[in-house]
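Please have the sequence and the model open beside you, and I will go through a few places one after another.

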Amino acid sequence: MAWTLLLYRGANLRLGKGAKLMSCTQIPDLPLEQFGRVILGKWLENRVPITGSVELDLRCNLRCLHCYRDGEWPSGILDTEEMKDVLDQIADAGTLWLLFTGGEIFLRPDFFEIYEHAMKKGFLLNLFTNGTMLNEKIVDRLAKLPPNNIEITLYGYSEETYEKVTGIPGSRERCYRGVDLLLERNLPTKLKTVVMKTNQHEFMDMFEFAESRGVPFKWDTQINPNLDSSLTPCNVRLTPQEAVDLEFSIPSRAAEYKEYYEERKNFRTSRLFACGAGSQTFHIDPYGKMSMCILLRDREYSLKEMSFRQIWDEAFPPLYRKMRSPDHQCNSCDLITLCNKCPAWSHMEKGNLEGRVEYTCEVGHRRAEKLGYWDGPVDQYTRTLNQAGSQILLPVLQPSGGCR
């Protein structure tokens, strides 16, 4: 572990890379894994904001088909000093893992002033970028003070597919060149993709490219609506069957789901937020608005009017402690750990935090079927004909218990 954060006597003590603790009779010697479990348990017990994300800018130099932030964005983002003050407040609250994301983070001319300030505060800092703006000057500066991780999204393998997703000529070449620049300097790099109808035929090409470069590769098939509840991004998402078939075509992913669900197959909850949003994690946008997660934008609090600690201690608890309606069918469902049930997604797609999203529900049932834990109906839509003779979809309303 490159950096260590200790919560000791109510203070945050961050130790630099390679630093060692003097021996102390009051501090027991513990294996690192056990130490991590103990500290993590204390964080959870004391509701420390362990991890969070900060959007440095909403602007982007790509125009991706699936983006959930389509639209015009007003000016007035936090300036350099305001952003540094926010980072100071986050550090004082005890946060260890921090994500810088966008938009595209390198569109900010003051990126490195903000980045270097964050690194000096001791965060384990992850960077999300599309990679197209990386050049030798940028990666050389990153190499002098490397982050914890840099993650680049690949939108396709061929130029035709990549740029059909991004809408920007030349973006594929710049992205893949950015990957090479990072790897040439041995910077900690991860690759990922969002699999959609437009690029699914090149999924294995991207997978094999990452393997050929010796870097971790992850992927996601879940595409949610726009933040303004427009369903336009959903036009390119895979069907539930396509998504699950792709997931289980990779043996390691199938094994991960098996292990994950086996440990949680008896889990049921009527808590609206069972994900840690607001109790372990937070999100801050470029305007200084703080929310419990990056997708939940209708419950935001301004850091220009309240402190980080006020929002965390006073504004968040009433929301993250909310329970679903007593008769909600998800309360008794034993497949809830497989369906990506998300209140923010429900709000975007259904207009309320409790809404049952048929798409994710069907994904969960199909995953359970693949794992051998479900042999009932998986299709969460009924099909009927309207008067014009065209097929429309209506949701299946099942009573309870795995949507039986």
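This is a predicted model: local features need pLDDT of at least 70, side-chain atom pairs count only at pLDDT 80 or more; totals for chains, interfaces and linings use all residues.

Let me begin at Gly351, which takes a positive phi of about 90° just after helix 12; helices here are DSSP runs of H or I with at least four residues, strands are runs of E with at least two, and both are numbered from the N terminus. Residues are numbered from 1 along each chain as its sequence is written, and side-chain values use heavy atoms, with hydrogens and water left out.

Now to helix 12 itself. How many of the residues of helix 12 are buried? The helix is mostly covered, with 6 of its 8 residues buried, where buried means under 20% relative accessible area, exposed means over 50%, and partly exposed lies in between, using a 1.4 Å probe and protein chains only. Those buried residues are Pro343, Ala344, Trp345, Ser346, Met348 and Glu349, and they pack against helix 13, residues 358-371, where contact means heavy atoms within 4.5 Å.

In the loop between helix 11 (317-320) and helix 12 (343-350) you will find Asn340, which has a positive phi of about 60° although it is not a glycine. Asn340 counts as partly exposed, because its relative accessibility is 33%. Asn186 also has a positive phi, of about 55°, and is not a glycine either; its place is in the loop between helix 6 (171-184) and strand 7 (189-194). With a relative accessibility of 69%, Asn186 counts as exposed.

One more backbone feature deserves a look, namely the peptide bond from Gly102 to Gly103, which is cis, with omega near 25°. Gly103 lies in the loop between strand 4 (97-102) and helix 3 (111-120).

Let me turn to charged side chains. Side chains of opposite charge can pair when their charged atoms come close. A search of the whole structure finds 25 salt bridges, a salt bridge being a side-chain nitrogen of Lys or Arg within 4 Å of a carboxyl oxygen of Asp or Glu.

Which parts of the chain does the pair of Arg367 and Glu247 link? The side chains of these two residues meet in a salt bridge at 2.7 Å, N to O, and the pair links distant parts of the chain, with Arg367 in helix 13 and Glu247 in helix 8 (residues 240-247), 120 residues apart. Both Arg367 and Glu247 are buried.

In another salt bridge, the side chains of Arg253 and Glu256 meet at 3.8 Å, N to O. These two residues are separated by about one helical turn, because they are 3 residues apart in helix 9 (residues 251-264). Arg253 counts as buried at 15% relative accessibility, whereas Glu256 is partly exposed, with a relative accessible area of 47%.

Finally, the side chains of Glu358 and Lys350 meet in a salt bridge at 2.8 Å, N to O. Glu358 counts as buried at 7% relative accessibility, while Lys350 is partly exposed, with a relative accessible area of 36%.
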